[in-house]
Amino acid sequence: MREIAKLEPTCVWRHFDALTQVPRPSGHLKPVQQFLLNFAKQAGVEAFVDAGNNVVMRKPATPGMENRKTVLMQAHMDMVPQKSPESQHNFETDPLETYVDEEGWVRARNTTLGADDGIGVAAIMAVMEAKDLQHGPIEALITADEETGMFGANDLPTGELHSDILMNLDSETWGKFVIGSAGGIDITATLGYQPAPADTSHTALRVTLKGLRGGHSGLEIHEGRANANKLMVRFMRKAIAECGAQLVSWEGGNMRNAIPFKAEVVLTMPQDKAEAVQALVVACKACFCDEYKTIEPNLEFFTEVTALPSEVVPTEIQDNLVNAIYACHDGVVRMIPAYPDVVETSSNLAIINIANGKAAIKILARSSREDMKVYIATTLESCFNMAGMKVEMSGNYGGWDPNPESEVLRLLKKIYREQNAQEAVVQVDHAGLECSVILGKYPGMDVVSLGPTIRSPHTTNERCEVASILPFWNLLKQALLEVPQK
């Protein structure tokens, strides 16, 4: 038996351990869907895959509790596939390698852990399997492809669910109940171009910036972590202006909702300017390390000689792209006036791919105000329009308006106080949660999001605090017992 399966409460950890052995990166979910259906069959509960590729489960009330409100427990089945540069892990085929560190956190070796939101799924499985819990009617919704655009929630059929209460199990700080979250929109700027022939008298260098912390672009955007694409563009502009460099390709970032921790460009330049480019990398590294000395201790920036390519990005196109990337807003726009510690509006310059006659730039913008979401999205659209790029908006989802008078919130706060001898924190999050999408289809539900403590999701430093799982499980059990009558 693997180490984490022995942790308490075993009813949750055993299921999470099993999930870590099933590949489930976003977009490749058939194995985990079948895993969940097989589990439900063994547990003796109804389960099916709906039109949105979500897994729905239903468990009847225990005798005498049929008149309680129906509770929907909700989590997402997919995980963000990030790995360290040295890792050979294949997220589509390989199980995760988990361990418990000396400080009491569960981690995965050289990859994301998938506790976001595998822990939520494991808790649902524990409830569905349990024979000793007292509860009213229960539904479970385990959504598909949350991390890449909330596709499962967006495709959730209306009329499928019958719940009065929604407990979203995708929050990441134990003792905090989330009652609202930001909306978001994806901005994609594209441009086709005719490559120019490379100067055969030039030399070529590959320039790599890596080792940044990255992180969740909703939960950690306010921490001032470096964005690899934004640092790279500062170097690029100088290399072009001072060294006659010519861009061949740019690859930075790989997930729309993760702060990019690595960027790599290939450049050509006159042979007598190669040393100047290398010196510029050294100077930029010193500058970046000084700027981020308390935030990015593992920043690496270096050059390697590479084969001279046959084509480069034409000068005018190159200059327009670099200027647009330089001007593109990245990070916090402003905080919520009523909650000054919570980000209201932000954008994440997530992915840049430039090569072989195609340029694509992807950004995720978030805001808890619809007008500010429109503002930042239009700002970004204008920026890339000026570079001659085609800009498309997609994946638009609204914010979740908080309801401080929620009946289920009052219940959860009461139980938390009784079990922990302190008050819970009630908060609005900047991270997008599926609650807003589900509420759009089922507006009558009473909604709260909760969960155990997870840190650095969407990075290889993702970890789940062992000590937070037992109290989370105890609260969930008691809440199901005390759900009010219809």
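In the predicted model, H135 is located in the loop that connects α3 (115-129) with β6 (138-143). The relative accessibility of H135 is 1%, and the residue therefore counts as buried, the limit being under 20%. Residues up to four places away in sequence being left aside, H135 touches K59, P60, A61, T62, M65 and L480.

The domain assignment divides the chain into domain 1, made up of 4-182 + 400-482, and domain 2, comprising 184-397. The centres of domain 1 and domain 2, taken over C-alpha atoms, are separated by 34 Å. Contact between the two involves 25 residues of domain 1 and 29 residues of domain 2. Together, domain 1 and domain 2 bury about 2000 Å² between them, and 61% of this area lies on carbon and sulfur atoms. On the side of domain 1, the residues that lose the most area to domain 2 are Q82, H430 and H458, which together account for 30% of what that side buries.

An open sheet of 4 strands was also identified, with the order β4-β5-β23-β22 and antiparallel pairing. Its edge strands, β4 (98-100) and β22 (454-455), each pair on one side only. Within this sheet, strand β5 (residues 105-108) is joined to strand β23 (residues 463-465) in the antiparallel sense over 3 bridges. V106 has C464 in β23 as its bridge partner.

Buried positions in α6 are A274, V277, L280, V281, C284 and F288. These residues cover an arc of only 105 degrees around the axis, which means that they lie on the same side of α6. An α-helix has 3.6 residues a turn, so residues three or four places apart point the same way. The exposed residues E275 and V282 are carried by the face of α6 that is turned away from its buried side. The packing partners of the buried residues of α6 are β11 (202-210), α5 (228-243), β13 (263-270) and β14 (300-306).

Notes. Residues numbered from 1 in each chain as written. Predicted model: local features only at pLDDT ≥ 70, side-chain atom pairs only at ≥ 80, totals over all residues. Heavy atoms only, no water. Buried < 20%, exposed > 50% of the residue type's maximum accessible area, 1.4 Å probe, protein only. Helix = DSSP H or I, 4+ residues; strand = E, 2+ residues; numbered from the N terminus. Arc of directions from axis to C-beta. Contact = heavy atoms within 4.5 Å. Pairing = 2+ DSSP bridges. Domains from an automatic or database assignment. Buried area = accessible area lost by both parts, 1.4 Å probe.
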